[in-house]
Amino acid sequence: MVDRTAPSVRTSEPVPPWLEAIWQRLLDAHRHARLGQALLFSGPLGIGKRILAEHLAGMLLCVAPQADGRACGACADCRLLEAGNHPDRLLLEPAADAASGEIRAEQVRQLCARETLTPMRGSTKVLIIRPADAMNLFAANSLLKTLEEPADSTVWVLVTEHPQRLSQTIRSRCQQISMISPQLEQALPWLETRLETRLEPSAARQGSAGAKAPSGTRADAAAALPAQRAAHCLALAQGAPFRALALAETGALEQRRDLLDDLIGIAQGERDPLGVAHEWQRLELSAALAAMIDALIDSLRLGIDPAGARIIHLGARQALAALAGQIEAAAGHRFLRLLLQTRSAIDAPMNQQILFEALLVRWARLTRASA
Ligand SMILES: [Zn+2]
């Protein structure tokens with residue numbers, strides 16, 4: 001199915017500050033008729049690739065763009081775009097019922113059929129495929145035929161975290177725009193503003209949760225100022241601002257705090273690893289593994305650099321620094337390798353409880369070693 005899901009992007013608003021330079025390049029290219037007919041937007045998850053694609057659609061489809069190329073937000077085309085109903089902006093994603101998460105050849109063929117038609121409203125059509133690496137081989141081949149001779153009126157935007165998974169032939173047909181995670185100075189104020197406007201600080205939670213904390217991690221983190229909260233989310237999201245925002249909105253920060261409390265509780269001999277493994281059964285495997293990996297990385301970092309300005313769990317510095325003294329570095333790195341291997345094998349079916357028992361017993365042994 002060709003999907004025209006409403007974008008959650010107001011294209012008349014400014015592009016995020018870390019994308020401004022790329023935006024300017026796209027605008028210059030458009031104004032000098034140098035914009036490619038196929039663009040490949042690549043970069044880490046949560047950095048704003050699709051948002052930039054939607055802004056570009058606004059630039060190309062709005063009838064009265066602003067001086068800096070942004071859509072006006074008021075014309076009929078803008079209203080259609082913001083409602084997700086513009087007939088000349090099409091978004092192709094994996095079908096909701098596709099268990100494999102693939103984009104199939106049939107979907108791409110439907111989109112390519114639309115590509116050959118004249119734009120319904122203006123002179124341009126914007127066709128977005130996301131994530132482009134979800135196209136299976138047949139889908140990619142169908143697209144390639146179209147990219148060899150695209151219709152004059154079309155701009156294709158392929159969005160992906162993994163450009164290397166696309167064939168060299170597809171990549172070579174595209175103007176490649178790669179984005180990297182922004183500097184902290186750019187991302188932090190942006191995220192803080194959004195957290196302040198979207199999230200209500202929960203005073204009640206701050207007051208009651210501290211009592212249960214085994215080592216002050218929960219209390220430390222809950223009392224965090226918005227700036228600290230933003231910094232923590234960004235660290236969890238490896239610097240990708242939209243991912244950080246999503247983490248904050250889905251309660252991932254609170255969940256992470258609980259998992260960290262469990263890990264520190266085990267390390268301090270206050271929690272039984274098998275009991276925690278039982279509780280963790282209902283968790284998403286990737287969230288639990290990420291908590292273990294990040295906690296271990298923080299501890300190993302603090303072992304080398306006690307000041308550890310760039311640790312992930314800023315609110316739990318004290319407890320993690322205490323752990324650092326208990327972990328033998330070589331054993332810590334061996335365990336980290338095991339965790340990373342487990343994460344890369346995550347697609348294989350496995351018994352989650354047995355896995356957590358094995359990992360948490362090993363975590364207990366590692367962290368209690370010389371306590
Ligand atoms: Zn407009």
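Ala33 is exposed, with 6 other C-beta atoms within 10 Å. On that scale, a residue is buried if 20 or more other C-beta atoms lie within 10 Å of its own, exposed if 12 or fewer, and partly exposed in between, with C-beta atoms placed from the backbone. Ala33 sits in the loop between helix 1 (20–31) and strand 1, and its phi is positive, about 55°, although it is not a glycine.

A word on what you are looking at. This is a predicted model, in which local features need pLDDT of at least 70, side-chain atom pairs count only at pLDDT 80 or more, and totals for chains, interfaces and linings use all residues. Residues are numbered from 1 along each chain as its sequence is written.

pLDDT is the predictor's confidence in each residue, from 0 to 100. The protein chain has a mean pLDDT of 86, with 89% of its residues at 70 or more. Helices here are DSSP runs of H or I with at least four residues, strands are runs of E with at least two, and both are numbered from the N terminus.

Two stretches call for caution. Over residues 1–7 pLDDT stays under 50, and the model has 20 contacts beyond four places in sequence for them. Over residues 200–223 pLDDT also stays under 50, with 36 such contacts in the model. A contact means that the C-beta atoms of two residues, placed from the backbone, lie within 7 Å. Where pLDDT is low, the predicted coordinates should not be read in detail.

**The overall picture**

The protein chain comes to 17 helices and five strands. Of its 371 residues, 39% are buried. Among contacts between residues at least 6 apart in sequence, 77% join residues at least 24 apart.

Axes are lines fitted to C-alpha atoms, for helices over the stretch in contact, and angles run from 0 to 180 degrees between N-to-C directions.

| Helix pair | Axes | Angle |
|---|---|---|
| Helix 14 (residues 285–304) and helix 15 (residues 317–324) | within 8 Å | roughly 70° |
| Helix 12 (residues 252–267) and helix 14 | 10 Å apart | about 60° |
| Helix 12 and helix 17 (residues 352–368) | 8 Å apart | about 55° |

Angles under 35 degrees count as roughly parallel, over 145 as roughly antiparallel, 65 to 115 as roughly perpendicular and the rest as oblique.

Take helix 14 and helix 15, which cross at roughly 70° and are therefore roughly perpendicular to each other. Helix 14 brings Ala295, Asp298, Ser299, Leu302 and Gly303 to this contact, and helix 15 brings Leu320, Ala321, Leu323 and Ala324. By class that gives six nonpolar, two polar and one charged residues. In this scheme Ala, Val, Leu, Ile, Met, Phe, Trp, Tyr, Cys and Pro count as nonpolar, Asp, Glu, Lys and Arg as charged, and the others, Gly among them, as polar. Asp305 is in the loop between these two helices and counts as exposed, with 12 C-beta neighbours inside 10 Å. Asp305 and Ala321 are 16 residues apart in sequence and 9.7 Å apart in space, C-alpha to C-alpha.

Helix 12 packs against helix 14 at about 60°, which makes helix 12 oblique to helix 14. On the helix 12 side, Gln255, Arg256, Leu259, Leu260 and Leu263 meet Ala287, Ala288, Ala291, Met292 and Ala295 of helix 14. These divide into eight nonpolar, one polar and one charged.

Helix 12 and helix 17, at about 55°, are oblique to each other too. Leu263, Ile266 and Ala267 of helix 12 touch Leu360, Trp363, Ala364, Thr367 and Arg368 of helix 17. The classes here are six nonpolar, one polar and one charged.

Most residues other than glycine have a negative phi, and most peptide bonds are trans. Gln238 lies in the loop between helix 10 and helix 11 (241–249) and counts as partly exposed, with 15 C-beta neighbours inside 10 Å. In helix 10 (residues 226–236), the buried residues include Arg229, His232 and Cys233.

Lastly, the peptide bond from Arg130 to Pro131 is cis, with omega near -15°. Pro131 belongs to the loop between strand 3 (125–129) and helix 5 (137–148).
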